[in-house]
Amino acid sequence: MEKFAYIFIGQSGSGKGTQVSLLQEKIKTIYPHETVLHLETGLIFRSFITEENYTATMTSELMAQGILPPSFIGVHVWSHALINQYTGQRFVCIDGTPRILEEVPILLSAARFYGWKLKVIYLEVGDTWANERLIARKRPDDLDTTERAARIAWFHSNVIPALELLKQSVDICVINGERSILEIHEEICEKLRL
């Protein structure tokens, strides 16, 4: 039995979570007895920095200053969740990883270890689109103009280089994310042959 890991990459506000949910529903209609593990790394990370331990407190303080935490923190957060939640499911959806260059070889090693066939979906949107979507979703951390701009800049300086490195090992499905949710979903399913 082949195992698949669908990696969703895109700017904050590009619709990764929405598309993962739709893909999970699609998989369940085709394979009704399969469960799909979804690791939403941003949510996992936001939960981590609220924990009452020294590392979480230091990480939260760094982020409040606009400083990127060291790569071992990000890798720990998503890999720890993966180790604790993955039970050998045929389908895994991960959104928000890799975020930096150092995470790429770690993700590839996890795929080799678990025997996953990696499929990377890059939801490509422009900065203006991402900014408007962040404002529209009204999450507290999306409402500060300076923070939104910093997140968009951070995506270009960190995630894009990670994506370029990932392209050396895995085919990337580039999806125009500036369309309707349904159009994007249909193209993803077509490219994933679901």
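The structure is a predicted model, in which local features need pLDDT of at least 70 and side-chain atom pairs count only at pLDDT 80 or more, while totals for chains, interfaces and linings use all residues. Residues are numbered from 1 along each chain as its sequence is written, and side-chain values use heavy atoms, with hydrogens and water left out. P32 has a relative accessibility of 58% and therefore counts as exposed, where buried means under 20% relative accessible area, exposed over 50%, and partly exposed in between (1.4 Å probe, protein chains only). A distance of 35 Å separates the C-alpha atoms of P32 and I160, which are 128 residues apart along the chain.

Most residues other than glycine have a negative phi, and most peptide bonds are trans. The bond between T97 and P98 is cis, with omega about 5°; P98 belongs to the loop between β3 (91-95) and α5 (103-114). K138, not a glycine, has a positive phi of about 60°. K138 is placed in the loop between α6 (127-137) and α7 (145-166), and its relative accessible area of 63% makes K138 exposed. R193 is also not a glycine and has a positive phi of about 60°. R193 falls in the segment after α8 (181-192) and is exposed at 78% relative accessibility.

In soluble globular proteins, nonpolar side chains tend to be buried together. A nonpolar core is defined here as a set of buried Ala, Val, Leu, Ile, Met, Phe, Trp, Tyr and Cys residues joined through side-chain atoms within 4.5 Å. The largest such core contains 29 residues, and I7, I9, L82, W116, L118, V120 and L166 have the most contacts inside it. At least two residues of this core come from each of β1 (3-10), β2, α4 (71-85), β3, α5, β4 (116-124) and α7. The largest share, six residues, is supplied by α5. Apart from neighbours within four places in sequence, the contacts of I9 (heavy atoms within 4.5 Å) include T97 and P98, as well as V120, V159, L163 and L166. A second, separate core has 15 residues, among them Y6, L123, I175 and I188.

Rings of Phe, Tyr and Trp (its six-membered ring) were paired if their centres lie within 6.5 Å; planes under 30 degrees apart count as stacked, over 60 as edge-to-face and the rest as tilted. F45 is buried at 17% relative accessibility, and F48 is buried at 7% relative accessible area. The rings of F113 and Y114 form an edge-to-face pair, with centres 5.0 Å apart and planes at 75°; F113 is exposed, at 67% relative accessible area.

F4, Y6, Y31 and F91 are linked into a cluster by ring pairs. R90 lies over the face of Y31, at 4.5 Å from the ring centre, under the criterion that NZ of Lys or CZ of Arg is within 6 Å of the ring centre and within 35 degrees of the ring normal.

Key: Helix = DSSP H or I, 4+ residues; strand = E, 2+ residues; numbered from the N terminus.
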